[in-house]
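Subject: Structure handover

Hello,

Here is the structure for you to take over. Please open it alongside this note.

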Amino acid sequence: QVRVAESGGGLVQAGGSLRLSCRAFGATFNTYIVAWFRQGPGKEREFVAAANWDGSSTYYHDSVTGRVTISRDNAQGTADLQMNSLKPEDTAVYYCAAGRKYYCSDYGCYEREHEYDYWGQGTQVTVSS
């Protein structure tokens, strides 16, 4: 039974930083791609960032490029999302997802929700202005 769980959400002022963490339980984590998605109030869920099996390749949505970094520690079974220079529009529930493949053959693959097999329950991030 594979389970994914997020932690680290909270309330932060605009311009501040937050680090989210994702932990995978019961999985051979180093054979999975991992990603973060988010769903803001009244919005559809959207892709934020992803990494291949060893973190050597990372991918970001244009809206967060330069402000967000995804990293993973396969020994610990974790994948973190460091978010800096946060904006009110970053307010959302952030979800971690893991997919049973080492990598995607094209960038578009990382953005597609159906490429991921396991999802966490989400963690709330609220950025005040």
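Predicted model: local features only at pLDDT ≥ 70, side-chain atom pairs only at ≥ 80, totals over all residues.

Four strands form an open sheet in the order 1-3-8-7, and the pairing is antiparallel. The edges are strand 1 (3-7) and strand 7 (68-73). Each has a single partner strand, so one side of each has no neighbour in the sheet. On average, neighbouring strands here are turned by 15° against each other, direction ignored. Five bridges join strand 1 to strand 3 (residues 18-25), in the antiparallel sense. Ala5 has Arg23 of strand 3 as its bridge partner.

Salt bridges

The whole structure holds eight salt bridges.

Asp80 pairs with Arg19, with 3.1 Å between the closest N and O atoms. Asp80 counts as buried at 15% relative accessibility. Arg19 counts as partly exposed at 43%.

Asp117 and Arg100 also meet through their side chains, at 3.5 Å from N to O. Asp117 is in the loop between helix 1 and strand 10 (118-119), while Arg100 is in the loop between strand 9 (92-99) and helix 1. They are 17 residues apart. Arg100 is exposed at 53% relative accessible area, and Asp117 is partly exposed at 35%.

The salt bridge of Lys101 with Glu115 has its closest N and O atoms 3.0 Å apart. Lys101 lies in the loop between strand 9 and helix 1, and Glu115 in the loop between helix 1 and strand 10. The separation is 14 residues. Lys101 is partly exposed, with a relative accessible area of 23%. Glu115 is buried, at 14%.

Finally, Arg38, Glu46, Arg67 and Asp90 belong to one network, joined by salt bridges that share partners.

Tyr110 is in helix 1 (residues 107-111). Its relative accessible area is 0%, so Tyr110 is buried. Beyond four places in sequence, Tyr110 touches residues including Ile33, Phe37, Phe47, Tyr59, Tyr103 and Tyr116.

Thr78 belongs to strand 8 (residues 78-83). Thr78 is buried too, at 10% relative accessible area. Its contacts beyond four places in sequence include Ser21, Cys22, Arg23 and Phe29, along with Ser71, Arg72 and Asp73.

Best wishes

Note on methods. Residues numbered from 1 in each chain as written. Heavy atoms only, no water. Helix = DSSP H or I, 4+ residues; strand = E, 2+ residues; numbered from the N terminus. Buried < 20%, exposed > 50% of the residue type's maximum accessible area, 1.4 Å probe, protein only. Contact = heavy atoms within 4.5 Å. Pairing = 2+ DSSP bridges. Axes fitted to C-alpha atoms, helices over the stretch in contact; angles between N-to-C directions. Salt bridge = Lys/Arg side-chain N within 4 Å of Asp/Glu carboxyl O.
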